[in-house]
Structures are given as C-alpha cells and as structure tokens.
Amino acid sequence: MYNAGFVPQFSFHVYDHPMARGFQNRFSTQYRCYSVSMLAGPNDRSDVEKGGKIIMPPSALDQLSRLNITYPMLFKLTNKNSDRMTHCGVLEFVADEGICYLPHWMMQNLLLEEGGLVQVESVNLMVATYSKFQPQSPDFLDITNPKAVLENALRNFACLTTGDVIAINYNEKIYELRVMETKPDKAVSIIECDMNVDFDAPLGYKEPERRPQHQEEPTVRTRKNHAFTGSGNRLDGKTKGIEPSPVPIAPSDIKRGIPNYDFKMGRITFIRNSRPQPKKTVEDDDAMNRFIAFSGEGQSLRKKGRKP
C-alpha cells in the first residue's frame, strides 16, 4: 500500500550525465488498464470511482522509490491510439503486475476499453489557483450548496485537467462536470491548495422567460345587486303572485343630514327632535284661546231622570 509520508533517503544513478539524470528521474511505462469493477478481492472498492486516483502494481512503487521524484506522486495518462491524455494520482500499489485500475469516468475520457494500453508517466504540476466547471445536466442546480459539495468531492482527487469530464457522487446520484478552465496551467495539482471555484451554466439549461413589466390592468366589471329578488313558496302549495322587484334607489335620491354649523370642540349636543316643527297659524291660536277645560257635559249609564 502506498504511504504518502514515505520519503526515499537515497537516489540511484547509472552514470553522471545531465541527460541521464533527467531520464532517470522520470517514471514511464505502459499498463493494461481495467475498471475498478474488475479488481479481484472481497473488499468493495467503490471509493476509487469517487475520485481521481488509480491503483498500480507493487513494481511501480519499487521503481518510483529508486527515482528522485517529487511528492505527491502525480502521473500523466496517455492513450496513444486516440491521442487523449489526463492526469491523476495514485491510491494504492496492490494491482497485479502489468495492470492498473482506473475509475470508469477516466477511462471514458481516454476512450479506453477493458484491457487497453495506457502510457503512465510521472509529472510535476503547478498548484491550482482557479478552476471553472460546467455541469453536464441541469439537475446539478437542485443541490442546495454546490460549492460545498464539489469541495468535499475534490478531496478524493489529486489533480485536474482542462477538458476532462469528472464524476462526483452525491446523495447516491452521479453528477458529471466538465473542467472548463484551470489556472495557472491546463493541468494543475489540487493537493493542499487555495483554489477559487466558479461554475458555468449547465449543459442544456434554459433561462426562464421573463414576463413584461407593464401588465394590463384587469377591467373591473360593476354588477348591480338587487336585494330580495327571489321568489317565495307557500306552505299550502298554492301559487303566489310574483310581485315586481323593487326599483333600486339611485344614489342621488339619498339625502344626507344637515351638518351642525354651531358645533364646538369639547361640546356634545343631544338633538331631541330632529324633525322641523310646523309653524303655528292664526287659526291654531284662536282654537287654543277658545279651549276651556272640563267644559263638556257628562253622561250616565243609568237612564234615570235627574232630581230637580
């Protein structure tokens, strides 16, 4: 198993020549590549599919330990048949000799089939400062905090290559993202780096149509309501003549009260009789003067003559 803290304490050179030192410090070999699902063993290695690292044979670790390479170990993978390349890290050295195991998304980027040949070379990459991703499906917008999800998923990656389509797993769903841009180079290392992340519009995303600002005001239709316009029924079953519906009262027929022009603040006036009293005429005054109280004649119920 590969130990990231292991640092070789010696270097090996055949002869002291500048070209020889440059060639000797470079790891380059070919392997038959297979997907992780082909890895023999009882343990489930689905964790390899969630990142950007490969599994190499133990002989690769032996060769790398003899070279004066820089850590962490980063590799360039090339498919010479299709002229496709990408970059990755190494997870373990437990594969069979002559075989390496790759994540499925990485084999798709390289256009490799099961058992295809891949060239593996050790490289040194610059530390990333900026990267831009484009989701390959609008479903990525359903994630509440996409930057946090991507940051957590990139912990299983060692480097990024412009043009690759990486796959991340979130809530038991696979989301694919294309690496649109990386700085300061087209291939960068993302191990222990402070990287700014940006997103492009998802593939196939359509912006919602904006409604015009000026909206037509709804027309208000006035409807005259007539109270008690229904027909009644008699309890004895006889028909009842339908009376004409009352004529609605026009607003001009409603008279408002006369305001109290003598109103003063802080004073309450109780109007006992709001109706105007009729004016007294001369005939009424004469009738009041001719009125004599208790001047009528009394009547008795008994028909008896009066005593003289």
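This is a predicted model: local features need pLDDT of at least 70, side-chain atom pairs count only at pLDDT 80 or more; totals for chains, interfaces and linings use all residues.

Trainee: How much space lies in the largest pocket?

Mentor: The lining takes in 15 residues, and Glu-151, Leu-154, Ile-190, Cys-193 and Met-195 are the closest to the centre. As for the space inside the largest pocket, the volume is about 430 Å³.

Trainee: And which helix gives the largest share of the lining of the largest pocket?

Mentor: By class, the lining holds 9 nonpolar and 6 charged residues, with no polar ones. The largest share is 3 residues, and they come from helix H4, residues 146-153.

Trainee: Stepping back, how many helices and strands does the protein chain have?

Mentor: There are 308 residues in the chain, and 28% of them are buried. The accessible surface is about 24600 Å², with 51% of that belonging to carbon and sulfur atoms. Among contacts between residues at least 6 apart in sequence, 78% join residues at least 24 apart. The secondary structure comes to 5 helices and 13 strands.

Trainee: Let's do the strands. Which residue takes a positive phi in the hairpin of E3 and E4?

Mentor: Strand E3 covers residues 74-79 and pairs antiparallel with E4 over 6 bridges. Within that pairing, Thr-78 stands opposite Met-85. The hairpin has 4 residues between the strands, and the one with a positive phi near 60° is Asp-83.

Trainee: How many residues of strand E6 are buried?

Mentor: Strand E6 has two pairings to look at. E1 (residues 28-35) joins E6 through 6 antiparallel bridges, with Arg-32 opposite Leu-117. E3 joins E6 through 5 bridges, also antiparallel, and there Leu-77 stands opposite Val-120. Strand E6 (residues 116-123) is mostly covered, and the buried count out of its 8 residues is 6.

Trainee: Is Thr-78 buried or exposed?

Mentor: Thr-78 sits in strand E3. Leaving aside neighbours within four places in sequence, Thr-78 contacts Arg-84, Met-85, Val-118 and Gln-119. Its relative accessible area is 15%, and the cut-off for that class is under 20%, so Thr-78 counts as buried.

Trainee: What about Asn-109: how far apart in space are Asn-109 and Val-165?

Mentor: Asn-109 is in helix H3 and is buried, at a relative accessible area of 9%. Not counting residues up to four places away in sequence, Asn-109 touches Arg-84, Asp-164 and Val-165. Asn-109 and Val-165 are 56 residues apart in sequence, while their C-alpha to C-alpha separation is 6.9 Å.

Trainee: Last one, on the largest cavity: which strand gives the largest share of its lining?

Mentor: The count comes to 1 cavity of 30 Å³ or more, and the largest has a volume of about 50 Å³. Its lining has 7 nonpolar, 4 polar and 1 charged residues, including Trp-105, Met-106, Cys-159 and Asp-164. At least two lining residues come from each of E4, helix H3 (104-110) and E9. The largest share is 3 residues, from strand E9.

How values were computed
Residues are numbered from 1 along each chain as its sequence is written. Side-chain values use heavy atoms; hydrogens and water are left out. On a 1 Å grid over the protein atoms alone, a cavity is a set of points where a 1.4 Å probe fits but cannot get out, and a pocket is an open set with protein on both sides within 12 Å along at least five of seven lines; lining residues have an atom within 4 Å of a point. Grid points are joined across faces, edges and corners, and a volume is the space filled by probe spheres set on the points. Ala, Val, Leu, Ile, Met, Phe, Trp, Tyr, Cys and Pro count as nonpolar, Asp, Glu, Lys and Arg as charged, and the others, Gly among them, as polar. Buried means under 20% relative accessible area, exposed over 50%, partly exposed in between (1.4 Å probe, protein chains only). Contact means heavy atoms within 4.5 Å. Accessible areas come from the Shrake-Rupley method with a 1.4 Å probe; for residues, only the protein chains shown count as cover. Two strands pair if DSSP finds at least two bridges between them.
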